[in-house]
Amino acid sequence: MKAYISKSRKITLALCVMMCFVACKKNFLDTTPLDAVNPNDFFKTATHLQIFVNGFYGRLAPQYNTQGGTGTPTGGNSNLALDANSDMMIVQTTATSSLYRWDAVSVAPDANSSWSGGYSNIRSDNYFIKYANLNAEKTDAANHYIGEGYFFRAWDYFGLLRNFGGVPIVTEALNDNDLDKLYQPRASRYDVAKQIIADLDLAIAKLNWKGEGQAAIAGRVNKEAALILKARVALYEGTWEYYHGKKTSAYAMAGKNGVEFLEMIEPTVLQLINRNGTKIFTAAGDKTIAYNQLFAQKNAANIDGVFLFKAYDAALLALSHNFFFKILDSGPSITDHLVDIYLNKDGTPQVFSTNYTNTLNQLGNNLDPRFKQTVWTPDRGPLNQLAGRGGDGVPFRYPVIASQAPYTSIGFTSTGYRNFKGAVLAQEATKGETDDILMRYEEGLLALAEAKAILGTINQTDIDKTVNLIRSRVGMAPLNINTITPGTYREDLGFDPTSTPVLNEIRRERSVEFALEGFRLDDLKRWAVYEKVINGYQPKGALLQEFLDYFNRTPAQVSLDNGSEPALYSQIRKDGYTLNEFSLVAGSNVDRFANGRMNPYFKVADFKTGGRGLYINPGRDYLSAIPLQQIKLYQANNATLSQNPGWN
Amino acid sequence: MNLNLHNRYGGNCHALYKILLVMKMITFLLIMTIMQVSATTFAQKITLNRTNASLSSIIDEIRNQSNYDFFYNKKIVKQAKLVSINVKDASLDEVLKICFKDQALAFEITDKTVLIKGKEIKFNFFNPIQLPAEKITGKVVDENGNPIPGASITEKGSKNVTQTNGNGNFTIGVKDKAAVLVISFIGYQTKEVVAGAVNGSISLSPSQEVLNDVVVTAYGKVKKSSLTDAVQTIDGKALENRPIRTVTDGLIGLAPGLNIRMPSGAPEANPSINIRGFTSINSTGAPLILVDGIERPIQDVNPNDVETISFLKDGASTVIYGSRAPYGVLLITTKSGKEGKVSVNYTTNTKIGQMVLAPTQPNSPDWARYINIAQRNGQPNGTGTDGVDAVTIARMEAWLRQDWNDPSFNALRTQFGDKAQAYIENGQFPSGDAGFKGWTREQSFATTKLYDTYFNNHDFSQQHNLNFSGGTDKVSYFSSFGYNNTKGLLKGDLNFNTRYNFQTKLKYKAADWLDLRTDINYARQANQGPNYTGNGGDIANYDAIFSSMMQYFATPLKVPSGNAYSWILGAASILGDGGLINNTRNDIVLSGGATVKPFKHFEINADYSRRQSFTEYSKVTKVVYTELPDGTKIQNNRSANLSSISKTNGVLGYQMAKLSAQYSNSFAQKHNFLAQFGVQTEETGFKSLTGSKTDLFAQDVTESLSAAANNPATSDRIYDWSTLGFYGVITYDYLEKYMIKFAGRRDASSRFAPKSRWGFFPSVSGAWNAAKEKFWPLKNIISEFKPRISWSTSGDLTSVGADNYYTYLLTVPTTVNKNLLLGGAYSNVASTPGLVTSELTWAKPTVLNFGVDITALKNRLNVTYEWYQRTVIDQMGPVDPLPQVLGTDAPQKNNAVSETRGWELSVGWTDQFQAAGKPLNYSLKFNMSDYIGYVKEYNSNKTGVVSGIWTPGEQFGQNYVYGVKGIAQNAGDLRTGTLSGTYNYPGYIMYNDVNGDGYINSGNGGFWYSRGDVVKDGFNYPRKSYSILPTVSWSNFTLSAVLEGVMQWRVYNDTEWVWGTKAGADLAYFYTPAFKESTDLGYWSPGNTDAFFPAFNTGRGSATDKYSLNLANLRVRNVTLAYDLPQKWVNKVKLKKVNVYFSGENLGFIYNKSFIKYDPELLRNGVNGYPPLRYYSMGLNINL
């Protein structure tokens, strides 16, 4: 009996002990992530820094043009013409765009992704800068990547500055219990701009020059890009404070006139000039395409004057930067505000009579050569004339006007002007091989000219180094500071009649050179002319008659087009389009203003003769609203986040 | 085991580690000792040498040598013959056999005792003498002597049957007095008496099954009458003979408080399951599912192998599973072998699946007209244009009539000459524009019924199950094999789910103090579906497939040559040409355990199990082509751009070890006591490897990574977690009248930081068996009346997120960004870690439960009612709203409390009466439950400053809608009651301006309690769901049904399925299915001013009461008719039992309140899913 009991007992004990043994294995409950690196082991080598800062590049260029890069019209085009929704390019699908705000309520939205996204990016920047400075090896390569970190923090704060003006400044990766810093009030826009400049100075000091060290990696940020960004920010904030101060607008920076920033521009740009001199892209001297083809580079890495670009390669990327979709007329349409701002080839301003008669080809022949390299003209060839395009894809005929059956799913232009900047003159037009140029030398040059013109220190030498260098690329007549033909500097085109002709000519130069590159709206706002340009504006297009003549061909013409008599070859050849499908009837599916120019919004009362046109609220729309929920959250915690003017 | 020790471990690991080292030594030594001890014990033998000794003296000697006790009647043994024996080292059995060789005595060895008794005398009954019929009269009474009317009396082996009358009396004629009468009544044990022995009253005793219904609970099997917790049991028979794929499918409606969502009819779809409510801030309330004590996917269980299922609903009952089971446990117990000869059971079933309540597609001309209205109405007045021109509509009409000479085709004949006829008949002509890829929707005028095109009307699937069971007094076994194939309705054989099961369960009595058990399980699941447009995820993208079926009704399926699918339809991809998605999972679960009973009343259970789950995923994407008019092939519109292949192989290893010690005893037949303490630990590790490549060399032939060209990419996923828990349960009852139970556990999870990973969760419950009291006045009516109460806490970590394995540790996740080229190659990118906290710890669901069990009217009526309140304290709510200046979300914290209240009622009635001379048994069960949940505390957003985040007081699932005032008939109507900030025209909805401020809006910036003109409109989940379960059996027939209903349920659904189009659709082609179910309801137009819907495609704007769907319904979930073949026939073919049955699942609705008749499960949220299917099946069940 005894033996039996002790046996069972011992088995029991053994089981218990073994169980404890299994359960209490050392570190049994201390598990650690197995497929990702701990931050303490990161930020050590230049490679670590590179990988981390790589994550910031997605902020640079969201403007791809289509998915897939195969040229399918239904491939989800995202043809983001960067100036769409400014006066120079309208979004046709609806007149209720963001520039048409007659009935817009001034209630701030709860959230704004620019605000939340901006601070999310800044947190990454701060995290990176903190740990990189703390842990990274002291090498030139690591130093360069830290410079990139500062560049991106400046980039991100500049985004907030443009959207919201002054914002809370955070330069460290905060924790949830840093309540004082979390509920800090907005800094002034001046302080934000100074913070950006300070970061850029650090970035400039650390970054390698283009092509050297880590900056030799195609697509990376370099010292030139930081210098351009510094010039951009200084010009933006300098002119904003200068013009809004002069107008004593609601957006003025109290006690500041912007001169401090404007004066930063010359030393900044001189660094670029000292290094690059007169080197800009010239297409080996072919003035007819030099400007146009700057934007059609398969590899922008070694192009003169290109400082920052996003590389695209249809073979590798799901998203591509695709010229073909830019010209496929997907709604955004160039307006008269861009077309009319061009000078004639000889440097004189255009003269307008009550009857508009300029056909596309006439404009192409008469205006600043950059017009013909920006807007498609029929003499470019009516159809698949791009070398080697051989007939696949949509033919390059006159653009379809507006959206109507059967062309409801592909694009159209409602003004008749089609973007041609960056045309890819090769078979790969639909492949999405083109690099997207983000920063170029010309911006620095024109910033220098503008700053000096405002400060009143500009001279012919400055003009020759800047404006005339750019004009000479396309063979445009040079600007002579002493012989400017003073046109009427129309306020509604963004000019300032009270200012000097040379300043106005530099504004024009900027508008022409950077057309459709996304500067227009910011320019109107910093020049404090936003409402002058937008309010009452009824966007106009090309001469309608030219389109009626093209689309409403007689059967005899069609027969000619089809090649029935090669000797009498019509200008417009067979392009796969049949007469029956589509015809334009003025007043029905298309219409024009009294002077003969197309009216893209002809169905909407405000855009008919006598209508009110576009409208923005000058007391409100220069800046976005601070997200309402954030303001309430501050309030609930006894802190204040002030709202921008005009919003409640 | 005491809890202090574990406290120490939690607090001081270093000291413990030293202890462990010592323990290691001790363990080793102990094992050595035990092995020696057992060697001597088992070798103990008996040595005896006697001649003509008395049996009693020999017994004494054996007792001394063997430690065995002997029980016998001294008188008998004295009369026994003398014994001579000479053995050395013989076993007890051998010795006794010699001693009893010629005795009139027999012996029996049981549990350390030897019982000696007289030998039984067996009688032979061959050649029975036929006697004249005898009339037998008697009376059937219950245990208290009260007569039982309606009891049935059958002469065994004959069809001779009768019933007791109102006084319990009966008379039956039998062939002789030796005939055996079988007396049965529902709720009582069946009794057999020899006819000749009937003398007055025959007393039946209540069925043990009813009184002592055994319930499987966390700590073993418990008599239902002594249960203190909320536990519901379902008999596995409810799942038998049904064409269901998973156990979950079969559970719908079987128990109150059990919520099952069955949103998809896809063959591999797994319904989600919940006990007592989905409502909580961020927990799904999913129960822990244990199959024979091991966590396994419920879909791996063969419904035919299930013996019982217990739902443990409150924390007090789940304490043993603790941290993993805060929201209840589903304990599935599979069948096991019973002592006896082998029993072989084979069942097979063929089912036919059908899509039900699928939408009805209009003919193309009607569809086109709706598109035109939609496009015109969807734009500001006068700016909308037709989507389909008049000529095309005329062609659609003509095509339907097959009138090839219609004038509308003339232009085509001119244009295409002799090719025109083929184009016209096919219903599409080529676009002249190369950019439109030749065949376009604009040039289409056919009518293609997409549902008929892609789906079969019905599909056959099969299942087979075979099992063997049996055993001896030492060993019992149960082995089962199962095969279940469920096909999807997609044409072709590409869409299916197949399951193979194998299970063997063994139990053996190694010694009388040691029971061992082994369970081997294998399950294989394989499913396959089409890889539609290359965008499929883990399974076929059914949402995208069904969404694509709302477009392009006019496009013919194929191009005129018949060689290729049309350019615009997704058919090629949907029917499998675009590649397939395959998932295979092989699960092996091995478990074993031992029960040691070292002393009386004491037992130790040790269990270990390991699950290895091997998953294989493969997605092949093929480029599909279509044919242009000139014969060249181009990529189909719905094709992926590149062919590609992606494979993932994963291994999940799970192991669980549990050790518990239990002591139970009764003192003085009054005090019943049970204590159990245990420790349990779990560990899971997962690893997977994914590889992918693009451009298969031969996409239609070889689907291998090795046979693909470009863009190789690999990645892996690794994680692990572990838990450790100690628990104790003490139960005590007095005379089975007063019962109380204390339980507690201390748990740790690796997911939390060391300082916050331990939690202690106590619970207590009690019950009072009032009907056992002497003073109970209603004894004859109510035989059981047991109120219960329980209060319990448990630990929940599910709300940290299922994939959040390391809540307190930061990582820098890195990945390859394929959208960013730097230096000409893809970039490696890192992302910024968010914020974490080491404070995060267990959420604590606390359940207060009141229940009452009632058994009445001679066990015919059973009622159970439960009321509960589940408060989840320290819940991981939404992260605290902090200024976005932070740049990331605040870390997750234990910052909220939510509460769910609900009740459950279950009423069962079972009875029997005589019909056409045979007993008819019937039962009817009614279940009903309801719950509501709300936020109790969430201080971070107390005032509702941040909209879209919970605020205290807010109820989960509450619908908020505008009231519909009517439809604006003219411009005058529009001045009031239309939404601000949008354009309005006659035909639009007018809303009630509830607060009279002249605007229709939702109030003050989204504060939940200040909602402007928005009013409450019911709840978006089933409220007051109920089920009715009737069963009738008569003769060899059994008919049973499951009816399942919901009393209150409202959702607002703004999809095209309900409205016929999508609001403001300017590209109406994509968004205007105009299904007949919607269009039949009518749309406002100047000529139809009292239509149900507003003008087609207009400002339906926001959710409204009129157009919110009332999803209340009563559904026939299952009807089964089974027939046992007559025993005579069955015996002839040497079988035991043959059963044939017909069964239908999801047969239809008794009523369905929604104004649009799709399946409520589908309308619940969006409708792009796979409609649930209806199944008819026929099956066979053979026992040999």
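This is a predicted model: local features need pLDDT of at least 70, side-chain atom pairs count only at pLDDT 80 or more; totals for chains, interfaces and linings use all residues.
Figure 1. With neighbours within four places in sequence left aside, the contacts of Thr347(B) are Asn304(B), Gln463(B), His464(B), Asn465(B), Leu1180(B) and Asn1181(B).

**Figure 2. Lys693(B) and its contacts in chain B.** Lys693(B) is part of strand E34, which spans residues 671-696 of chain B. Although Lys693(B) and Ile645(B) are 48 residues apart along the chain, their C-alpha atoms are separated by 5.6 Å. When residues up to four places away in sequence are not counted, Lys693(B) touches Ser644(B) and Ile645(B), together with Leu705(B), Ala708(B), Ala709(B), Asn710(B), Asn711(B) and Pro712(B). For Ala708(B), the backbone oxygen lies 3.1 Å from a polar atom of the Lys693(B) side chain.

Figure 3. Chain B contains 20 helices and 55 strands, and 54% of its 1184 residues are buried. Of the contacts in chain B between residues at least 6 apart in sequence, 68% join residues at least 24 apart.

**Figure 4. Packing of helices H2 and H4 of chain A.** Helix H2(A), made up of residues 46-54, packs against H4(A) at an angle of about 20°, and the two axes are 8 Å apart. H2(A) is therefore roughly parallel to H4(A), as angles under 35 degrees are classed in that way. The crossing of these helices, H2(A) and H4(A), is left-handed. On the H2(A) side the contact involves Ala46(A), Leu49(A), Gln50(A) and Val53(A), which meet Ala141(A), Ala142(A), Tyr145(A), Ile146(A), Glu148(A), Gly149(A) and Phe152(A) of H4(A).

**Figure 5. Phe151(A) in the largest nonpolar core.** This core has 168 residues, among which Phe128(A), Phe151(A) and Phe547(A) touch the most other members. Helix H4 of chain A, residues 140-164, supplies the largest share of the core, with 14 residues. Residues up to four places away in sequence not being counted, Phe151(A) touches Leu60(A), Leu200(A), Ala203(A), Val221(A), Ala225(A), Ala226(A), Leu229(A), Leu308(A) and Met439(A). In soluble globular proteins, nonpolar side chains tend to be buried together.

Definitions and conventions: Residues are numbered from 1 along each chain as its sequence is written. Chains are lettered from A and ligands numbered from 1 in the order in which they are written. Side-chain values use heavy atoms; hydrogens and water are left out. A nonpolar core is a set of buried Ala, Val, Leu, Ile, Met, Phe, Trp, Tyr and Cys residues joined through side-chain atoms within 4.5 Å. Buried means under 20% relative accessible area, exposed over 50%, partly exposed in between (1.4 Å probe, protein chains only). Helices (H or I, at least four residues) and strands (E, at least two) are DSSP runs, numbered from the N terminus. Contact means heavy atoms within 4.5 Å. A polar contact is a pair of N or O atoms within 3.5 Å; within protein, one must be able to donate a hydrogen and the other to accept it, and residues adjacent in sequence count only if both atoms are side-chain atoms. Axes are lines fitted to C-alpha atoms, for helices over the stretch in contact, and angles run from 0 to 180 degrees between N-to-C directions. Angles under 35 degrees count as roughly parallel, over 145 as roughly antiparallel, 65 to 115 as roughly perpendicular and the rest as oblique. A crossing is left-handed if the near helix is turned anticlockwise from the far one by less than a right angle, and right-handed if clockwise.
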